[in-house]
Amino acid sequence: MKPKSSLLPAALAGSLLSGAAPAADTLSQIVTHAGAQPSMKGPEDYFTGSVRVDPLFAPSAPASYSGGAVSFEAGARSAWHTHPAGQYLLVTAGVGRVQEWGGPLVELRAGDVVWCPPGVKHWHGAAPAAAMTHIAITGVRDGKNVEWLEQVSDEQYRREAVGAVGSGT
Ligand code: MN
């Protein structure tokens, strides 16, 4: 029995932000074709607004990190959370925003790369008027990849972003 904070719910733990995992002893490359892993909706407990998660790969020793593509509709965002082994975000489309606790709200655009260090409380999501997709590469430590905290309030979300260009925020 995993505590709620350790990972995602059982139904999602194997697939949200992760996907097919190769056998530990495999010696050949593995191609997981597009469409082979079903998309899922980001759970309401951990996201605000419309969020689609496309699992990419699960952790497999010695590569102790998972990958997933997350698409946020305009106004959608994650809850506040931390990652015990850190996380890279690779923004692939649209305009978004990321913020760590106590820090500025930073605008993101396609091509931007974000490193979230272990234990740093943060959130990420779309801009108020534009969708955003990022690939999340999330480290795993002791079987955990995320600890979810409270939701991002509208007041927190609607602050002006640093680096915003013509976003109207
Ligand atoms: Mn994160």
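Trainee: Before we start, when do two strands pair?
Mentor: Two strands pair if DSSP finds at least two bridges between them. Please keep in mind that this is a predicted model.

Trainee: How many bridges join β7 to β8, then?
Mentor: Strand β7, residues 87-100, and strand β8, residues 106-109, are joined by four bridges, and the two strands run antiparallel. In β8, valine 106 is the bridge partner of valine 98.

Trainee: What about the hairpin of β7 and β8, and glycine 102 there?
Mentor: That hairpin has five residues between the strands, and glycine 102 takes a positive phi near 85°.

Trainee: Zooming out, how many helices and strands are in the chain?
Mentor: The chain contains two helices and 12 strands. Along the sequence the pattern is α-β-β-β-β-β-β-β-β-β-β-β-β-α.

Trainee: And what share of the residues counts as buried?
Mentor: Of the 169 residues, 34% count as buried. Among contacts with a separation of 6 or more, 73% are between residues 24 or more positions apart.

Trainee: Which residues have the most contacts inside the largest nonpolar core?
Mentor: That core has 15 residues, and those with the most contacts inside it are Val51, Val70, Phe72, Ala76, Leu108, Ala126 and Met132. The elements giving two or more residues to this core are β3 (51-57), β4 (65-72), β7 and β11 (132-139).

Trainee: Which element gives the largest share?
Mentor: Strand β7 does, with four residues.

Trainee: What does methionine 132 touch?
Mentor: Leaving out residues up to four places away in sequence, methionine 132 touches several residues, including Phe72, Val91, Leu108, Ala126 and Ala127.

Trainee: Where is alanine 127, and is that residue buried or exposed?
Mentor: Alanine 127 is in the loop between β10 (122-126) and β11. It counts as buried because it has 25 C-beta neighbours inside 10 Å, and the cut-off for buried is 20 or more. Its C-alpha is 8.5 Å from that of leucine 108, and the two residues are 19 apart in sequence.

Trainee: Changing topic, which residues does the cis peptide bond join?
Mentor: The cis peptide bond joins alanine 61 and proline 62, with omega about 0°. Proline 62 lies in the loop between β3 and β4.

Trainee: What is the phi of aspartate 142?
Mentor: Aspartate 142 has a positive phi of about 55°, although it is not a glycine. Most residues other than glycine have a negative phi, and most peptide bonds are trans.

Trainee: Why does aspartate 142 count as exposed?
Mentor: Aspartate 142 counts as exposed because it has 7 C-beta neighbours inside 10 Å. Its place is in the loop between β11 and β12 (147-148).

Methods:
Residues are numbered from 1 along each chain as its sequence is written. This is a predicted model: local features need pLDDT of at least 70, side-chain atom pairs count only at pLDDT 80 or more; totals for chains, interfaces and linings use all residues. A nonpolar core is a set of buried Ala, Val, Leu, Ile, Met, Phe, Trp, Tyr and Cys residues joined through C-beta atoms within 7 Å. A residue is buried if 20 or more other C-beta atoms lie within 10 Å of its own, exposed if 12 or fewer, and partly exposed in between; C-beta atoms are placed from the backbone. Two residues are in contact if their C-beta atoms, placed from the backbone, lie within 7 Å.
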